[in-house]
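Visitor: I am new to protein models, and I would like to learn how to read one feature at a time. Could we go through this one together slowly?

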Amino acid sequence: MENTVSADPYVDVMLRVNGSARRLRLDSRVTLLDALRDELDLTGTKKGCDQGACGACTVLLDGKRVLSCLTLAAQCEGREVTSIEGLATDGRLHPVQEAFIRHDGFQCGYCTPGQIMSAVALLQEGRAGSDEEIREFMSGNLCRCGAYPNIVAAIREVAGRGSE
Amino acid sequence: MRPFEYVRADDVAAAVALVSADPQAEYLAGGTTELDLVLKDGVLEPGRLVDITRLPLRGITFAEDTLRVGALVTMEELAADPTVSERVPFVREALLAGASPQLRNMATIGGNLLQRTRCRYFRDSTVMACNKRTPGSGCAAVRGPARMHAILGASEHCIALHASDLCVPLVALDTVIDIQGVDGSRSVPLTQFYVLPGERPDIENVLQHGELITRIRIPLLPVGTRSGYLKVRDRASYEFALTSAAAALLIEDGTIVRARLALGGVGTKPWRALEAEEILHGAPATGRTFRAAAQAALGDPFTVAGTAFKVELAERTIVRILHTVSGVRS
């Protein structure tokens with residue numbers, strides 16, 4: 001056990017966020033989502049349902065997409081967190097970000113960071129083989145504006161496939 | 001939401017000892033059920049959460065026609081296992097039919113078995129009548145609007161559904177659960193792991209406080225057996241089942257030599273359809289046999305107005321998956 005058994009409502013956490021080590025002292029109840037937004041001022045990751053139903057809070061944890069609203073920050077000790085702010089390199093947008101702009105893959109934009117993080121992971125997972133596969137493996141990200149056709153088109157383009 | 005202490009465990013024995021000694025302590029794995037109920041719904045109020053995600057319970061190994069799966073393997077990891085795809089493909093189908101990719105990257109196999117019901121009355125702490133939360137307080141679901149609820153194993157005391165997809169093929173396969181307690185380890189078949197609600201819906205399984213699922217053992221299907229999982233739901237993806245069925249059939253010369261059948265979306269526990277299996281064994285693989293099996297599986301339902309539709313839907317789900325798996329045309 002790394003902690004003692006005395007009832008301590010605080011935890012010390014070291015997160016690696018977008019390549020930088022960040023040390024925080026947090027209430028044990030703080031989620032990764034709230035740590036990113038409220039402690040680290042990384043407000044790109046959005047709080048939608050805050051209950052694991054909408055995907056707006058999707059980030060990559062050690063390269064895999066997860067929901068930051070149902071993850072305690074304390075559970076991420078030493079792990080690599082990638083948020084939407086970490087995708088661009090040297091001032092250049094990630095190809096998925098560029099494709100979302102080109103295909104108008106959003107309307108209000110609130111779900112967009114989660115959609116893009118999920119799409120980046122989906123492409124790494126090799127699950128963009130067909131529009132049907134993209135839709136199935138993007139189903140954890142809801143878009144209440146209904147930008148789905150354009151989101152699928154953006155992902156399809158980055159996957160290097162023509163329109164179906 | 002009351003404060004809790006967060007403790008990260010790095011040793012199985014120490015984790016089990018810590019939780020066993022503290023009635024207010026609970027395990028935290030993927031968090032997709034636990035944190036939802038603690039942080040968001042306020043239904044669970046542990047004084048201490050013991051994070052077990054760093055424990056060495058992650059491997060998948062294959063020997064003697066059995067797949068041994070560490071309790072902390074994630075749903076996505078198990079779905080990606082080549083032996084699962086080859087020898088128990090309906091397990092993969094059920095895994096990928098559940099939740100979303102994000103949740104499947106978080107949720108563990110042990111946690112999937114122990115996931116709590118999605119009953120909205122259970123998850124709403126402002127609802128006073130819930131025998132599962134407060135024994136003896138009544139059941140709001142039996143009297144109120146209910147749809148995503150159980151019709152098998154249910155009673156006037158509780159109609160809360162066990163919503164797992166994964167557990168449906170697992171219970172069909174006679175999966176065994178390995179459990180670690182302070183006084184040693186034991187193994188329980190999944191068919192005997194869950195407890196029907198009866199008059200004590202708060203007791204959901206045979207685990208004692210502090211006991212930890214460390215591994216599950218999945219017996220693989222004999223070569224030549226075909227299997228499938230069918231999930232019927234209100235939208236095409238990312239939704240819980242209204243009804244589902246997992247079937248495995250070994251058919252020789254048109255006769256069903258061995259059948260395994262289990263149901264989801266209908267039971268207070270993952271529901272093994274033994275009565276239906278009896279009808280299938282030795283019978284000709286025909287639509288008539290399948291319909292008889294389906295009726296036997298739903299022989300004694302407990303329905304309320306909102307769940308009555310599930311009887312026929314579940315029967316049709318069974319008939320459909322048996323046709324699909326057998327290749328016999330309907």
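Guide: Let us begin with burial, for which a residue is called buried if 20 or more other C-beta atoms lie within 10 Å of its own, and exposed if 12 or fewer do. Please keep in mind throughout that this is a predicted model.

Visitor: With that cut-off in hand, is L298(B) buried or exposed?

Guide: L298(B) has 22 other C-beta atoms within 10 Å, and therefore it counts as buried. Its place is in the loop between α11 (287-297) and α12 (309-326) of chain B.

Visitor: Which residues is L298(B) in contact with, leaving aside its neighbours within four places in sequence?

Guide: With those neighbours set aside, L298(B) is in contact with V311(B), A314(B) and E315(B). For E315(B), which is 17 residues from L298(B) along the chain, the separation of the two C-alpha atoms is 7.0 Å.

Visitor: How should I read burial along a whole helix, and how many residues of α5 (residues 89-96) of chain B are buried?

Guide: The general idea is that an α-helix has 3.6 residues a turn, so residues three or four places apart point the same way. In the present case, helix α5(B) is mostly covered, with six of its eight residues buried. Those buried residues are F90(B), V91(B), R92(B), E93(B), A94(B) and L95(B). Their cover includes the helices α3 (75-79), α4 (82-87) and α9 (167-172) of chain B, together with β9 (226-232) and β10 (243-252) of chain B.

Visitor: Turning to strands, what is the order of the open sheet of five strands in chain B?

Guide: In general, strands of a sheet pair through backbone hydrogen bonds, either parallel or antiparallel. Here the open sheet of chain B runs in the order β4-β5-β8-β6-β7, and its pairing is antiparallel. Because β4 (60-63) and β7 (184-189) of chain B stand at the edges with a single partner strand each, one side of each has no neighbour in the sheet. From one strand to the next, the twist averages 20°.

Visitor: Within that sheet, over how many bridges do β5 (residues 66-70) and β8 (residues 212-219) of chain B pair?

Guide: The two strands pair in the antiparallel sense over five bridges, and G70(B) stands opposite R215(B) in β8(B). Helix α1 (residues 12-20) of chain B packs on this sheet, where it touches β6 (176-181) and β8 of chain B, and its direction makes about 120° with that of β8(B).

Visitor: Which residue takes a positive phi in the hairpin of β3(A) and β4(A)?

Guide: That residue is D62(A), with a phi near 50°, in a hairpin that has two residues between the strands. The strands β3(A) and β4(A) pair in the antiparallel sense over four bridges, and T58(A) stands opposite L67(A) in β4(A).

Visitor: How is chain A divided into domains?

Guide: Chain A is divided into domain 1 (10-86) and domain 2 (95-158). Their contact takes 14 residues from domain 1 of chain A and eleven residues from domain 2 of chain A. On the side of domain 1, the elements that give two or more residues are β3 (58-61) and β4 (64-67) of chain A, and β3(A) gives the most, with three residues.

Visitor: Finally, how many residues of chain A are in contact with chain B?

Guide: The contact joins 31 residues of chain A to 28 residues of chain B. On the side of chain A, β4 and α4 (131-137) of chain A are the elements that give two or more residues, and β4(A) gives the most, with four residues. By class, that side has eleven nonpolar, twelve polar and eight charged residues.

Methods. Residues numbered from 1 in each chain as written. Chains lettered and ligands numbered in written order. Predicted model: local features only at pLDDT ≥ 70, side-chain atom pairs only at ≥ 80, totals over all residues. Domains from an automatic or database assignment. Contact = placed C-beta atoms within 7 Å. Nonpolar A, V, L, I, M, F, W, Y, C, P; charged D, E, K, R; others polar. Pairing = 2+ DSSP bridges. Axes fitted to C-alpha atoms, helices over the stretch in contact; angles between N-to-C directions.
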